[in-house]
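Let's take a walk through this model together. Keep the sequence and the structure open side by side as you read.

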Amino acid sequence: MSSKKSDSRRSWSSYLWDTWDKPEDERRFLFKLDACLLTYAALSYFSKYLDQQNVTNAYVSGMQEDLGLHGNQLNYITTAWTCGYVLGQIPSNMLITRIRPSLWIPTMEVIWSVLTMVLASAKNFETLIVVRFLVGLAESTFYPAIQYVIGSWYKGDELGKRACIFHTASALGPMFSGFLQTGAYNGLNGVCGLAGWKWLFIIDGIITVPIALLGYLIMPDLPTNTRPSIFYTQEQINIGKRRMVEIGRKPPAPFTRKKILGFFTTWHIYTLVPLYILFNNGTGPTNSMIFWLKSFNTPGNQVYTVGQINTYPLGIQAVQVITTLIYAWWSDIVRARWPPMLFAGTWSMVTAIVLAATPLYEHVTRRWVFYYFTSVQGGLSGLILAWANELNGHDNEKRSFVVASCNMFAYVVQAWLPILIFPQVEQPRVFKGNVTTAGINFGMMSFAMATLYLSRRDQRRDKERRATASDVDEDALEDIVLADETDYPKKTNSKLTTPGGVTVVPALTLPA
């Protein structure tokens, strides 16, 4: 993070929004950047999560019965998407350092929106598996690429808010998906001979395509290859470049063997990746509430309607949005990423323990409230990746690789862990899943502390090296002066004798 020395010069308004105390030209540039990059990123992430969540909503809204799905097949469909999502991330993020993000990312978004609409034509389990894999492959290009691009434009006291504002769309997508599924089921079920769950896939795709087209227009590239346009002048692009130089965040450089080996010979990948893996897999109980509500319904006795089952769990995402924004401002104000991680990890760990230790139906209100708490650490993604952007700012390609590795390996684990600890056939009790989630959150906090320790150690060593280098420079200068004073008479035959026999020593002149 940035130094805290400048805090005394910050106005109170800058704690509300960080651009308000910046020079006018920089403030105007950041306003444009926020309006273009964050608008497109949030809308696209919203549509991505809309497409990602709709399978679960469709499953409990008729798809299971229409396609004859059973057992853990929903888990396998989810895993197929995860496998595609995993395979594409690192190649995409390495590619994005060489090609224009404003072309690559929107193109992939068009592809995944078309594939989402194709899901409405699925007739069997096998088709769902194949199409969901391809959707995951296309969507893999988005999240790590956007986090890398955001990390290429913003400073430390700005980065946390932007990364988390963007990430709140991951909660808004499922929220909207629930209402959308309710509307599709109630209003479109049977229209044109299509079931309501099929209309959900079609509507999701129709929403996503215009957002992708907007990306071609307003999505910026990197500071080094963004071109002057109706949105940015050359002077404003130069401001963006200068800002990154000021904080030492390097531009793209050629790939070399030494550079690639450097990805693995420093500690960053070995703490940041496990930290993100544990964060990403620490909200498993969030999916249990929808099954818990459905379990109240028995043959001949309906307690909750399909609409209620889809909408009541949306409080989970509402809590996530609120906590995400709190963590973002908190982190940027104190200029530290780890305090919200400890707070959210502790809260999430307690929530998982309560869900594991209490009966399903004895205290319904209490369990309802704690289900709403299951995603309180879900907003940490932006902070962890902001930390990764900052700690690896000295190497552009390593920064892109670490950001992609965090997200990729998190989903590698997610491909199999939910099947193991949250099997569908054990929902909604999933005792072992809740207990494991408590342990995962403890591990997440441990790796946050390890990252903090190692980053502070590096800062301390860097400070010592600079101090030593400064001392060496001063000693070297003193040696040069002394050497010149000693050698000067020898070099110049300094004793000169005038015709009158007077000895003259020329005045000493030190080097400039």
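What follows goes from helices to a surface patch and then to some loops.

A word on ground rules: this is a predicted model, so local features need pLDDT of at least 70 and side-chain atom pairs count only at pLDDT 80 or more, while totals for chains, interfaces and linings use all residues. Residues are numbered from 1 along each chain as its sequence is written, and side-chain values use heavy atoms, with hydrogens and water left out.

Start with helix α3, residues 73–95. Helices here are DSSP runs of H or I, at least four residues long, numbered from the N terminus. The expected span of a helix is 1.5 Å times one less than its number of residues, so the 23 residues of α3 should span 33 Å, and the 34 Å between its end C-alpha atoms agrees with that. There's a kink to look for, too: α3 bends by about 35 degrees at Q89, with a proline, P91, following within four residues. That bend is the angle between axes fitted to the seven residues ending at a residue and the seven starting there. As for cover, 17 of the 23 residues of α3 are buried, so this helix is largely enclosed by the rest of the structure. Buried means under 20% relative accessible area, exposed means over 50%, and partly exposed is in between (1.4 Å probe, protein chains only).

In α6, residues 143–151, nine of nine residues are buried, Y143 and G151 among them. Helix α7 covers residues 156–167, and its 12 residues should span 16 Å; the end C-alpha atoms sit 17 Å apart, which agrees.

At 0% relative accessibility, G379 counts as buried. Which residues does G379 touch, not counting those up to four places away in sequence? The list is C164, H167, Q320 and T324, where contact means heavy atoms within 4.5 Å. The C-alpha atoms of G379 and T324 are 4.3 Å apart, although 55 residues separate the two along the chain.

Now for the surface. L87, V130, L134 and L137 make a nonpolar patch of about 340 Å². Patches are built from residues with over 30% relative accessible area and no salt bridge, joining like charges within 9 Å and nonpolar side chains (Val, Leu, Ile, Met, Phe, Trp, Tyr) within 5 Å. A salt bridge is a side-chain nitrogen of Lys or Arg within 4 Å of a carboxyl oxygen of Asp or Glu, and accessible areas come from the Shrake-Rupley method with a 1.4 Å probe, with only the protein chains shown counting as cover for residues. Helix α5, residues 125–139, gives the most to the patch, with three residues. L137 is found in α5 and, at 34% relative accessibility, counts as partly exposed.

The loop between α20 (417–421) and α21 (431–492) holds P428, which is joined to Q427 by a cis peptide bond with omega about 5 degrees. V430 is in the loop between α20 and α21 too, and has a positive phi of about 35 degrees although it is not a glycine. V430 is buried, at 2% relative accessible area. R335, in the loop between α15 (314–334) and α16 (338–357), has a positive phi near 55 degrees, again in a residue other than glycine. With a relative accessible area of 7%, R335 is buried.

One last stop is S455 in helix α21. S455 is buried at 8% relative accessible area, and is in contact with W267 and L391, leaving aside neighbours within four places in sequence.

Terms used
Helix = DSSP H or I, 4+ residues; strand = E, 2+ residues; numbered from the N terminus.
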